Structures are given as C-alpha cells and as structure tokens.
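Subject: Handing over the model

Hi,

Here is the structure for you to look at.

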Amino acid sequence: MKILTKWLRAYLPGLADDDAQLAEDLTLRGIAVEGIYPLGEPNGSIDNGSVYEMDITTNRVDAMNHYGIAREAAAIYGLKLPELRYALPDARPAGKPFPVRIEAEDECGRFTARVLRDVTIGESRDWFAGAEVATYFALLEQKMILNAVDATNFAWLAMGQPTHAFDLDKIEGGIVVRRARKGERLKTLDGVERVLDADDLVVADHKKALGLAGVMGGWDTMITPETKNVLVEAAWFDPVAVRQTARRHGLHTDASHRFERGADFNAAPVASALVSAILLANGGWIEGELVDARIAAAEDRTARRKPVQLKLSEVWRILGATENEEGITAATVEAVLTALGCGLASSQRPTTGEVSWSVTLPSWRLDLEREIDLIEEVARVYGYNRFANTLPAFGEGVRALPWAEKEAAVRGTLLAAGFHEAIGSSFCSADEGALTAPQPAQVVPLGNPLSEEAGVLRPSLVPGMLAMIAGNLNRDVNDVRLFELGTVFGGTTDKGMADKVEERPALAFGAVGSLPEESALHASRAFEFHDVKGVVEQVLARFEMRAMYFDRFPAEAGIMPEWLHPYRAARAVADGVTVGWFGQLHPREAAARKIDTRRHGDAVLIGELYLDRLYKLPLRRPVAREISRYQPVRRDFSLVLDESVEWETIDRAIAELRIPELVEWRVREVFRDARLGKGEYALLLGATFQAQDRTLREEELQGFQTRVVEAVGKAGARLRV
Amino acid sequence: MTNEAIPNLTAFDDTALDKAFAALEAQARESAAGLDSEADVEAFRLEWLGRKQGRLNEVSGRWLKAAPPEAKKALGVRFNALKEVVEGLLDAALAGGPGDAALKAEAIDITLPGTRRLTGAEHPITRTMNEIVGVFAALGYSVGVGPEVETDYYNFESMNFPPGHPARDTQDTLVVAGQDRKPLRDRLLLRTHTSPVQMRTMEQQPPPVRIVIPGKVHRNDAADATHSPIFHQVEGLCVDANITFSDLKGTLDHAMKALFGSAVKTRFFPSFFPFTEPSADVQISCIFCGGKGCRKCKQSGWIELLGCGMVDPAVFAFAAEKQPAYDAKQISGFAFGMGVERIAMMKYGISEIGSFFAGDMRFLSQFV
Ligand SMILES: [Zn+2]
C-alpha cells in the first residue's frame, strides 16, 4: 500500500518531523514503512513530500489508509487530529425516501444510500480542500477514470471505506440486501457472468441482483459517461459473509479485503458525503436526505460495544520495567488511548488507591476487545524499545528429551563413519510410497499436495535418500555418503478417513563410490555390502542388547523389501526384533532412477533402520574388563569350504565349543583360486587364545586347535594343506 | 669390516693375556664405530656374539681349551670383561640407531597430502538448531517436541486462530487427504509452525514452564531462493507468575548476543500474531556490517530475525481447559519463534534455501 506524506500532512498541519523521522516513528509503532521514495519538486516551489511503501499487519485494517495513518501519527506526537467532515449542499426534498431494505440482517449491518441527480460524469479535478483528486492521484500514479469512479477510489484511499456508485436509472424499485437465489445470474464489473449461490450476499433491486455485496459491483448498473442520476452506496457488511462470497467467486478486491477484516461502522455516512461532494462539484443536486438503514445488533457488535475495564496494575504486571524510572503512568495510559479514539472514565479505589478505567472502544478498531488489547496499545505507542531488558528468575532443572542421547549416538556413529547428514523431502510419490512403505496400506496421502511427486507423506526415508543419491550422480559427484535422521509416517484409516497418523523416527543411509578415505598413495576402494554392514553393526553396538544378527529370505517369500537386491541385502535383528534392512539397491530400481550402473560402476548401497524400535533399548554403558597379564597366542587356520557353507555356520560351530581361553576369532581373509576344487572357496581364520591366570602351555594350545579343527570340520570345512 | 681370524694363543701369562684381549677389544671397538644400519648392527652381533661362529665363541673354544689349568681363571676374568665390552658396544649401537646415510636412503616426500579418514558433517540445520537450543538450555529451558502432523485444534484453534480467521490464509497449509467429514478441530494437517507444542506442553504440565521447541514445519509455499515448503523453527515458551514484556526483551536480547556475539543489539517492533499480545518482531543489528548498512541488510543496518510476544490470554484459556492453573489473571508468559534456515543462511553465508534439502555432497562437505 502506498501513502503520500503530503496527504498525511494535510490532516496534521502541526506535524513538524520530516518524512524520514515520521517513517521511523511509525515503523517502531508497528505501522511499518518499508520504503521511502521522495517525490521531486516539479516546479521547484512545491514540496510534494514522499511516497511511503507500507506493510501493515492484517489486524490493522483501520490504518491502511491516509486518515488512519494520520491518526497514528497524531497519537505518537500528541497532535490533535481534526474529525473528517464534508459539507454538502442542502438536499431538495424527495417525494418519498429512496427505498432500502436489509433482509440479511446478520450479514449487513448498515446500508446508506444517497440520490444525486443531474450529475455530469467527466474528468476529476482538485475539487476542494480535502479532495485534491488530481494532485494526489498523479503523485500516487493512480489512474484517473471518471469522476464517479475516482470519487470512490479517493474515499478508499482517504479513509479505507469502500463505497459504490450505481446508475440510478438502471435500478428497478429500490435496494434490497439479501442472500442470492440459487442459480441467480449476475455480470460483475470485471465482465464475468456469475452464477450465484444461495449463500452469496447480494445488493439487489426489486427485480435482480446488482452486485456482490462488499466484493464487487455489477456490470449493468455501472456508471457510464451517459449516466445522469447516481445512487451512492456506503455500507457495513459482516466479515464472514463477505469472505465466503469472495472466496466462492475467487475474488479478492479492496472492498472485500476491508470488509473481511472489519470495516468502521460509523464511516459510511462520512464516506458517502465525500463521494457525493466530489461528484456534485461537477454539477447536480441531492434528492432527499441520506437513507441510513441500520441493524441495532450489528451496531452493538461494533460502534456501541460495552466498555472494557483496564487496571493500571495489570498494565504493569504484563509489561514490566521501563528504562525510564517513572515508567508507565496513569497519564501515559490516558494520553495514548485517548489519542487512538478511546473514551476513558477513570476511577480510583479509595482503599487501595488502585487506578482503573472504563474504556469505550472506537468503532474503527474492531481488533480492540479486551483489556490485553488496550495494554498492547499502551506498550506500542509508548515504544517497545523504551522497556528495560530484564531476565526472569531461574526456574527448575532442565530436562533433555528421553531419546536425545540415543539420537546423538546414532548421528555420531554415522558421522564418524564418514557419512554426511542430509535432510530430504517429507513427501514422496504414491508409487515410491508403495514401494518403500513397511505397510503399503498405511501410506498417508495429502489433500492438497505440492505436486504428484510429493503426493504422500513419506512412509520411509528411502525415496528421499535415493533422490539425493541420484541428484549427486547426475551432478557428476560420484562418491556419495549420506544419512538422514527423520520422521516417517503411517496412517490408520477408519471408514475411509485417515484417522490417525503415526510418526516414527528412522535412519536412512546411502553410499556409492569410494570409501571415505583420501590418499595420495593408496588406490581407493569402492563401498560394498560389508562396508555398510559394518556401519549397521557399529550403530547397533551402541545399544545394549543380548543378541544381534543378520539374515535374509528367499526372494519368493516376499519378505525382502522390493527396493533391495534379493541376494545382496540383509535384515538386521536386535533382540529378536527387526530393526532395519540394508544392502545393494535393486538394479531395477537403480535403472528406474536413471542411475547408470555402467557409468557409475559401483553399486548403490542403501539401508533404513527403524529407530523407534532401536530406541526401546538402552544405550550400552561401557564396562571395563581386567586385561590379562599373560601372553595371547594367535593361531591361523586355512580352511576350504563349499560355496554353500556360509561363515555363520563356521562361526556358530566355534562359538559352541565354549572354550574360555578362545578370546577372539575372526575371518582374516576370504579368497578363491584355481587350485581349489570346483565350487569351493578358502577362508583364513585367525583365532586368539589367552588365559586370565596363566601362560598357556603348548599342549593346551594343541588341544584347543584340535577341537577347533574338529568343529569346523563338522560344519563343512577342511583344512587346506 | 671383517676382522682377521682369531689367532692361536701360545703364552698364557698375564702380559700375554692382556695384550691378546686388548687387541680383541680394539678390534671390537673399531668394528662398532662404523655401524651404520640395522643390518650392520646385526652383522656385528653375529660376528662377535654369534652362538656358533661368533668371535667370542671362538675365543672361549680355542683359548680356554688350550690354556693350562692355572691360567684358566685369569683368562676367564678377561674373557668376561671383553664380553661385557662387546655387549656394551652392541647396546650402544642399537640405542644410537642407524646412521644418517642409512636414514637418508629411507627419505620420503612429506609434501604429498596426508591420508585422511574422512568424517561426516552434521547438517547445518541440525548444527544451528542445537546451537540455539543450547543457548536457551543455559537459561533453564528444557527441550519439547511434538508431532509434525497436527490437528487443526493444536495448530490453529488453540493458538487463537478461530475458524475463518484471516491469518489462517497466510499460512498456506498442507492437509492430509480425506478429512472433510471430520469436525474441523480434528482434521489433520502438517503443522505450519512449532507453536502447537506450546499447547501440548501446557496441557501436560502446570506452570512454571520453560521450554524450547526445535522442529520441522511445512507450508504450501512455492519454492524460491528464500522459501521452501519444508523448513525448521525453534519456538520458546516461558510461563510463570510475574513474567513480563521486559523479561521477554531481556531474554531475547541475551540470546541474540549469545548466538551472534556480544556486540549485537536488538530492536523490537510491534507485530501481530494471533497467539501473542503484545506481539513483536525482533531485529538485530546487522552482523555483516555492524549496523553501518550493507547489501545484506539492505542498507538499513538491521536484520529481522524473530517473532515473539506475551502469550495471549485466549491461549491460556485453551490450556486451562486441561490445566486450570493457566489462569491468565494469575500467571503470564512469553513465547518466541525463529526460522532456523534464515539464521543458518546468515551464519554460513548460504544464498539458496533449497541447498539445505538437496543432499548435495559438495554443499554438505563444507560443514565438516
Ligand atoms: Zn549490514
């Protein structure tokens, strides 16, 4: 919204501060001036001031016009703001008053109508003091149209009151404000033929709808250069009724903007006089007195509201200390509220000396309703920055979220493993949702999605992770290591309605390309399944659990997630509960995302952990064990196995020996070579023996070795000779 | 550095023995002086102390055997003394390590870059959010969180956005499908701000309350350089007896100094939020130019950073439905909220909000 300082100063001749100071003072009081554009002096003698670009919060519609801002300036500087008044020539008597009837009493609170006859529709000029139409419009770069239109625009810019001028001769009978009839037709000023709804509020005559009340006038009763007689409308419509009508027709006009946020009930006669005065300056006369139909209930809700009680002690309780020691006094409160248009009747309790007021509220400030609203006005006009900076007394102890430490442990493990933290979209397409959801039936669709690709709430972090991996590869960033800690969603439906949406924390990670090592001397190695398995193991190891294991299922069982390679993926299980899946991305899904495996060579590794399940376990608390003083002894076993025998079998066979002195064993190397039999592979097993209380003797070691060879033999391995 | 073979000894009187052993010791010392590498040291050890062909072994084998019984003791004493000398020389050679020539042969290019085990980077949003939370934790604020999918009641109604309130329009809301037949207050939507957690917290806990609420929020916003349908907020709430507007000012002034440096100044402007009254926008003096005016602050010297205000009594009235202690006549409080992306963009010099959500390795690796 644009405001001319020249126009403001016309209302406040005593205003001494310059435009820059005025802008700052207004801004600090919440009437924000976003930009100041000085206007040149066309002939060197006239100071045209500046144009302010304003940004006014929606609750302050009363200040979205010149007079409203002048009122704020008057309050800030303690100036007297003259009342708006426009003198009109005496009316010639009418045979009978122009008929106006408000049928929709809940929606239309006031309707004023004035009949002007023998007017001349033509060019606007600067008609009289207070109606400098040509000057102000030129400075505002507001287009001049015809005086009837310019007059309503001028009243809008001056006081923010929408008005409308009808071609009187096209009105049949009189005015009725009513609900539209379903299917009724109306061509509005924008030239659109509209079919009305029974909920639309219209200004009609005795035959037809003339305009959408408070939104837009009608085409057929529009003022034209041929118009001779005019009916000037200035009214008050209910905010909700106007909003609904405007919404239904997809319209947002100046008029609807104001009415939706609450217009000034008392402004209609003043605006009507201003519009009429401008029109009559070009000739014509008034027929009859102003017709002013009012609904008492609406007036009670606006211009005649019950006074609000305000206590000085409450002002202090809410606002606290000021920088100035005197602080907010009774005089401050009275000066501020009076300047804003309130009426104050003070009283003082004889016993306590407590000062309070009964405050009547201005008709243009429908946002003021309660004691707190008045306290805000006091603080605002006094100036927020004149209050002190104090700190409240300290409360009780600080509590962290119960899972904060666990989340930090997971995040820390991934960061240490070289993965960057990412934040992906909360949404995915319905197809991706179906592909990755643990329970596809529970995917939650959005009612108004941003796009089809973002049609549902993500049931898994995998779609987002895949999108981010593909994005990197498309940008020729070929080493990707990402993880995301985020919320996934699942819904339960009741009779077809999404009833409840459950949110669970999850972890997803993805890797492609080189391991996180940067070396000038050693060739890099690509991520493979066991690298991400190691990460999963390290994450799980942060939690206290009796057992963790990994398994997979035959493809035909339909248990493996479809996005994973069925033979290069695993389920992670902690204490018997599935906590996640990970492995190589299914080549079909890689292709679908245009991840060209030939170009990128390396496999895409991806996984997801269900943190809600993991977080049920306590974090592992480290416990120190006595370190043996006796020499550990390592023995290596070179084993040959059939391809069908997996490590887990060998591992279990050794574990079942339960040799206390066998403190550690692991695979040192797996290799395949031509000297082995067909379908065989070799495995180097390293075992470490150590006792807590003695040095192991050679014959003891021999015994252990024999038992190990025997056990792995039974499990399907033979010693390589 | 081969020494001549051990000569045979013919005379075993003290003088002869002294002479013979002195010659051997001189040889040993000479050999030891030229030891340059580990291999040299090992060769010295083998030459003198080797179990089979070592020179000392030979001495003991040949001289001791040939000595008459009355000379054996004198020879033994001298032999042991020599052995000690040789062992001492060996120890000294081992401790001294290889000489410069040997070390030079092992030279490497230390200007080649170091091998790095790369670690991951915390997301700048996480990092910024933790930093903000940390500042308020130090002021006695606990952390609160709530669901990302909210009901209309918590997101709007209880935050004093009644049905049909125009301020609802400004928060373009993403809604869950299939909610039309439900009562408005139960309809599910993606929270447009973290404020609903204020209400959830007050329902759970009577005053005093002091919480800071980090979280993800969503709006049906078209994406551009500074707008994203996904973003993060940190909200705060402090309720107790005697909490005032000046407490709000002091708290945020302190927090902004803690986040951006003690030279930062704050400025409060009247604003409007349905759930606070009085409401304020807070500006900090530009952290780039110190308030002189620059491109970043559009020459104003100030940067708008957060919204805040005193909790509206209407909000307390909703809380009082479950916790009657939220009586606006007895208690008061303030709330504030800030956009994490905006703060992170300022702190790290990021120009596109979309960078936060693209998972671009090149972007993220800058935050290690
Ligand atoms: Zn600056």
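Predicted model: local features only at pLDDT ≥ 70, side-chain atom pairs only at ≥ 80, totals over all residues.

**Cavity**

Rolling a probe the size of a water molecule over the atoms shows where empty space is left. The count is 1 cavity of 30 Å³ or more. The largest cavity has a volume of about 50 Å³. Its lining is made up of A:Ala437, A:Pro438, A:Gln439, A:Gln442, A:Val443, A:Pro459, A:Phe489, A:Gly490 and A:Arg504. By class, the lining of the largest cavity has 5 nonpolar residues, 3 polar and 1 charged.

Most residues other than glycine have a negative phi, and most peptide bonds are trans.

- B:Pro208 sits in the loop between α9 (196-204) and β5 (209-218) of chain B.
- B:Glu277 to B:Pro278: a cis peptide bond joins this pair, and omega is about -10°. B:Pro278 belongs to strand β8 (residues 276-285) of chain B.

**Positive phi in chain A**

- A:Glu141 is not a glycine, yet its phi is positive, about 55°. Look for A:Glu141 in the loop between α4 (133-140) and α5 (147-159) of chain A. Is A:Glu141 buried or exposed? The relative accessibility of A:Glu141 is 73%, and the cut-off for exposed is over 50%, so A:Glu141 counts as exposed.
- A:Asp476 is a residue other than glycine with a positive phi, near 65°. A:Asp476 is in the loop between α15 (462-474) and β22 (480-494) of chain A.

**A:Phe265**

A:Phe265 is in the loop between α7 (254-261) and α8 (267-280) of chain A. Its relative accessible area is 0%; buried means under 20%, so A:Phe265 is buried.

What is A:Phe265 in contact with, leaving aside its neighbours within four places in sequence? The partners are A:Gly109, A:Arg110, A:Trp236, A:Arg294, A:Ile295, A:Ala298, A:Glu299, A:Thr302, A:Ala303 and A:Ser363. A separate pair to check is A:Phe265 and A:Pro362. They are 97 residues apart in sequence and 9.9 Å apart in space, C-alpha to C-alpha.

Over to you.

Best wishes

Terms used. Residues numbered from 1 in each chain as written. Chains lettered and ligands numbered in written order. Heavy atoms only, no water. 1 Å grid on protein atoms, 1.4 Å probe; cavity = no way out; pocket = protein on both sides within 12 Å on 5 of 7 lines; lining within 4 Å. Points joined across faces, edges and corners; volume = space filled by probe spheres on them. Nonpolar A, V, L, I, M, F, W, Y, C, P; charged D, E, K, R; others polar. Helix = DSSP H or I, 4+ residues; strand = E, 2+ residues; numbered from the N terminus. Buried < 20%, exposed > 50% of the residue type's maximum accessible area, 1.4 Å probe, protein only. Contact = heavy atoms within 4.5 Å.
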